[in-house]
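Notebook open, new structure on the screen. I'll jot down what I look up as I go.

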Amino acid sequence: MRISRIAAKGAPPAPLFVIIAAVAIAACALASWLAGEFAPLLTGRQKSWFVAAAMVLAALEVIVLRAPVAPREPTRSLGAIAIVLFAGVLADASGLLILSLGVATAAPLFVAAGGALAVAGVLGAALLAGRDWEKLPLPTMRWATGIALLLGAFAIALLSPDAFS
């Protein structure tokens with residue numbers, strides 16, 4: 001929502017997409033590094049539960065939290081936009097999922113690469129859509145995503161870690 005609203009207010013798309021790509025790479029790289037540091041501290045079963053807990057938190061975030069109201073005067077500062085996006089990607093559901101999957105898979109670089117592609121893809125689509133992003137059936141999409149995350153979390157929590165080997 002943040003990106004679509006910034007784009008709708010007339011932010012230049014090319015520099016904004018460069019910022020989106022840079023933020024996606026930087027935030028996912030940091031999550032990957034954190035996963036690499038955290039992974040040796042957990043056993044196989046603990047890693048599964050960590051991913052399941054992250055998925056439950058992500059589901060709750062997607063279902064419960066709403067997008068903030070649109071600012072009356074959005075910033076034109078690309079640096080400020082980059083800082084807000086970086087914090088958002090790292091601290092929201094996507095950052096937590098990247099961290100937890102990096103811990104669980106022992107392949108944090110691949111998880112980071114996939115996460116960066118996903119973040120850049122979604123934010124890039126929001127940038128291209130602009131105002132039309134808000135015409136999407138967002139409540140339905142939130143509930144479907146939240147339910148899928150909850151089902152995935154329960155499946156991961158109930159299956160043994162050996163089932164994924």
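I searched the whole structure for aromatic pairs and got 1. This is a predicted model, by the way. The pair is Phe38 with Phe50: ring centres 5.2 Å apart, planes at 55 degrees, so I've noted it as tilted. For a pair to count as edge-to-face, the planes would have to be over 60 degrees apart.

Next I checked how exposed the two partners are. Phe38 is at 29% relative accessibility, so I put it down as partly exposed. Phe50 has a relative accessible area of 22%, so it goes down as partly exposed too.

Then I followed Phe50 to one of its neighbours. Ser100 touches Phe50, along with Val51 and Ala54, if I skip residues up to four places away in sequence. Ser100 sits in helix 5. Is Ser100 buried or exposed? I found 0% relative accessibility, so Ser100 counts as buried.

Helix 5 got me looking at how helix 2 meets it. The axes of helix 2 (residues 13-38) and helix 5 (residues 93-105) come within 8 Å and cross at roughly 40 degrees. That angle is why I call helix 2 oblique to helix 5. The crossing is right-handed. On the helix 2 side I listed Cys28, Ala31, Leu34, Ala35 and Phe38; helix 5 brings Gly95, Ile98, Leu99, Gly102 and Val103. I sorted the residues of this contact into 8 nonpolar, 2 polar and no charged.

Terms used
Residues are numbered from 1 along each chain as its sequence is written. This is a predicted model: local features need pLDDT of at least 70, side-chain atom pairs count only at pLDDT 80 or more; totals for chains, interfaces and linings use all residues. Side-chain values use heavy atoms; hydrogens and water are left out. Axes are lines fitted to C-alpha atoms, for helices over the stretch in contact, and angles run from 0 to 180 degrees between N-to-C directions. Helices (H or I, at least four residues) and strands (E, at least two) are DSSP runs, numbered from the N terminus. Angles under 35 degrees count as roughly parallel, over 145 as roughly antiparallel, 65 to 115 as roughly perpendicular and the rest as oblique. A crossing is left-handed if the near helix is turned anticlockwise from the far one by less than a right angle, and right-handed if clockwise. Contact means heavy atoms within 4.5 Å. Ala, Val, Leu, Ile, Met, Phe, Trp, Tyr, Cys and Pro count as nonpolar, Asp, Glu, Lys and Arg as charged, and the others, Gly among them, as polar. Buried means under 20% relative accessible area, exposed over 50%, partly exposed in between (1.4 Å probe, protein chains only). Rings of Phe, Tyr and Trp (its six-membered ring) pair if their centres lie within 6.5 Å; planes under 30 degrees apart count as stacked, over 60 as edge-to-face and the rest as tilted.
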